[in-house]
Every structure is written in structure tokens, then in C-alpha cells.
Amino acid sequence: MLRRTRVKLQDTVSSWILKLNQEQDVIEVTDIVKRYGSNTVLNHATFQIQTGQLTTILGPSGCGKSTMLRCMNRLERFDRGRLKIGDVEVSGTEDKKLTPAEEKELTRRLRERVGIIFQNFNLFPHLTALGNCMEAPMTVKGMQRKEAEDVARHYLHKVGLADKEEHYPAQLSGGQQQRVAIARALAMEPEVILFDEPTSALDPQLIQSVARMLRALDDLGKTLVVVSHDMNFARRISDQVIYFEGGHAVEAGTPQEVFGNPQKAETRAFMQSFQEDEPLADAQPNADKLQSNALETNLGTRDNLGQEE
């Protein structure tokens with residue numbers, strides 16, 4: 001009897017710890033300031049993102065949302081404030097000076113945890129799809145070439161491009177290039193993946209495919225942060241929406257809260273200009289549609305991701 005009670009108590013504690021870990025903030029942005037000369041692009045930006053959430057940052061053009069994304073991957077150095085992603089903490093350049101060696105190590109640690117998929121994908125044109133996915137694991141993680149090749153092939157298969165590994169970016173469609181960029185980010189096995197305007201470089205017919213793709217990635221247990229100007233897209237895919245204006249987060253909440261009942265005047269004014277677009281056509285170019293279906297099948301669940309095919 002005592003043994004059964006102890007086992008039950010251990011199970012209860014384990015469940016409580018698991019729930020606590022799932023709900024904790026993996027990203028904390030606190031009072032971040034970023035200036036370009038006299039122009040303040042980020043103005044005391046502050047927000048939190050929980051582990052496993054799919055968060056969309058939206059707002060008008062020039063509000064600082066893409067700059068915020070680049071700061072989260074150390075592509076931009078911010079001046080003041082604090083960024084914490086997992087166990088990596090970054091301070092503004094005016095708050096803490098780093099030696100070149102410290103800067104290199106901090107950037108390496110952050111980029112091991114945070115992948116980014118650029119608006120125009122930024123694939124290396126002289127490398128094949130396989131080579132693009134191998135480069136970061138070898139350069140950043142110091143992975144041996146054979147191991148990096150195996151990892152790259154694994155994730156190209158996951159995104160439905162096993163037959164395209166020897167193709168160069170110029171030989172791939174826009175949707176295929178985006179999948180290579182996703183496989184490249186996944187090859188680093190990051191905790192967080194950042195997407196900069198994932199629908200802007202694609203044919204409008206592919207936007208629904210991208211929405212399904214992001215939800216499939218979300219099922220892998222990754223924390224996803226998407227910068228977008230597409231409000232329909234944000235409302236459709238997000239667990240959390242952060243409205244950005246004037247270089248800072250004005251309001252954050254569920255899509256229902258931010259779109260349906262915004263609390264801040266700035267958010268309400270922005271939402272008043274929002275009108276639901278017509279439903280997107282489900283038709284897609286054949287190659288990208290087939291690979292969209294393959295992506296959803298191959299990604300499967302977070303448990304499948306860790307298994308050998």
C-alpha cells in the first residue's frame with residue numbers, strides 16, 4: 001500500500017514538473033533599445049514567449065519587428081536591455097562590454113539554440129541543398145563532415161526533399177527553397193526557430209501550405225516566432241500574437257484577445273483597418289503541393305523526429 005502511494009505521488013510530482021517546464025518562458029525580452037544613429041528602432045521592447053508556443057509578431061511596416069527578430073539571433077547587437085533565451089543571456093552593448101572572444105562564444109551559444117529562416121531564404125547559391133544543410137552544423141557545432149551529412153539528409157527527408165539534395169537553389173522552386181531553409185535550421189536542432197515574413201516571397205496560392213507547415217513544425221515541440229504583416233495568416237496559426245508599434249510590444253495575447261478584443265488604443269486603431277481577406281485558394285503548383293503533403297507526413301510528431309527513418 002505504501003509503495004503504491006509513493007509511486008502515485010511520484011507520478012503526480014512528475015506531471016506537475018512537466019507542466020511547469022512546458023509553461024515556462026523560453027524567451028524573455030526586457031527593455032531592449034536599438035538605435036541606428038539618431039533613429040530609435042527598438043524602444044524598450046518587452047515581452048515573453050513560453051516554451052512550445054507559436055508566436056506571431058505583427059505590426060505596421062517600420063515598427064521594428066524584423067529588427068527584433070535579428071537581435072534574437074545576434075545578427076544585430078542591441079544597445080540596451082536584456083535578452084534571455086533558454087540558459088543564454090544577452091545584455092546591450094552599452095550595458096556590458098564583451099571581448100572579441102566573449103562575443104564569439106556568446107554568438108555561438110545563442111545560434112546553437114536559435115535558428116532563423118530569412119524572408120528570402122538566404123541559401124548559399126554555390127552549395128547544393130545538402131551542402132546548405134551541412135554548413136552550420138560543421139561551422140557552428142564543429143560536427144564532423146560525415147555526421148553533418150547524415151543529419152542534413154535526415155532533415156531534408158523530413159521536409160519532403162530527399163530527391164532534391166543535389167540540386168542547387170537556382171534549380172528549386174520558391175516553396176522548395178523555403179523547405180531547404182527549414183531543413184537547414186532544423187539541422188542545428190535548435191530550441192527556437194525564427195521566421196521573417198515566411199509568406200512574403202511566395203505565391204499567394206502557397207500561403208495555406210505555409211500555415212500547415214508551421215503547425216506541423218509546432219507539433220515537434222519547437223518554439224516558433226514568426227514576424228508577419230499578414231494578419232489573416234497570424235490569426236490562423238498563432239498561439240500568441242504580439243502587436244508591435246513604435247519599436248515596442250504594445251499588446252500580447254491569444255489571437256481571439258488581440259484581434260477580437262484589443263485592450264490598447266494603438267491595437268484597436270490598427271485592427272479597425274483590418275478586413276478579412278477572401279479565403280485563399282487551395283490550389284497549389286503541383287510540385288510544391290506534393291512536397292507540402294510530404295512535409296506534413298514526414299514531420300509527424302516530436303517523437304518521430306528523434307527516430308531514424
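This is a predicted model: local features need pLDDT of at least 70, side-chain atom pairs count only at pLDDT 80 or more; totals for chains, interfaces and linings use all residues.
Which helix lies across β6 and β7, and at about what angle does it run to β6?

**View 1. Helix α3 lies across β6 and β7.** The helix spans residues 100-113, while β7 covers 192-196. Its direction makes an angle of about 70 degrees with β6.

**View 2. Six strands build an open, mixed sheet.** Follow them in the order β6-β7-β8-β3-β9-β10. At the edges you will find β6 (114-117) and β10 (248-253); each has a single partner strand, so one side of each is left without a neighbour in the sheet. From one strand to the next, the twist averages 20 degrees.

**View 3. Strands β3 and β9 run parallel.** Here residues 54-58 meet residues 240-245, joined by four bridges.

**View 4. The largest pocket has a volume of about 580 Å³.** It is lined by 21 residues, and N73, R111, A136, V140 and M188 are the closest to its centre. Two or more lining residues come from each of α3, β6, α4 (129-139) and α6 (174-187), with α3 giving the largest share, five residues. By type, the lining holds 10 nonpolar, five polar and six charged residues.

**View 5. The second largest pocket has a volume of about 280 Å³.** Among its 16 lining residues, R74, E89, K96, L98 and L106 are the closest to the centre. Helix α3 turns up again, giving the most to this lining with five residues. The lining divides into four nonpolar, three polar and nine charged residues.

Conventions
Residues are numbered from 1 along each chain as its sequence is written. Side-chain values use heavy atoms; hydrogens and water are left out. Two strands pair if DSSP finds at least two bridges between them. Axes are lines fitted to C-alpha atoms, for helices over the stretch in contact, and angles run from 0 to 180 degrees between N-to-C directions. Contact means heavy atoms within 4.5 Å. On a 1 Å grid over the protein atoms alone, a cavity is a set of points where a 1.4 Å probe fits but cannot get out, and a pocket is an open set with protein on both sides within 12 Å along at least five of seven lines; lining residues have an atom within 4 Å of a point. Grid points are joined across faces, edges and corners, and a volume is the space filled by probe spheres set on the points. Ala, Val, Leu, Ile, Met, Phe, Trp, Tyr, Cys and Pro count as nonpolar, Asp, Glu, Lys and Arg as charged, and the others, Gly among them, as polar.
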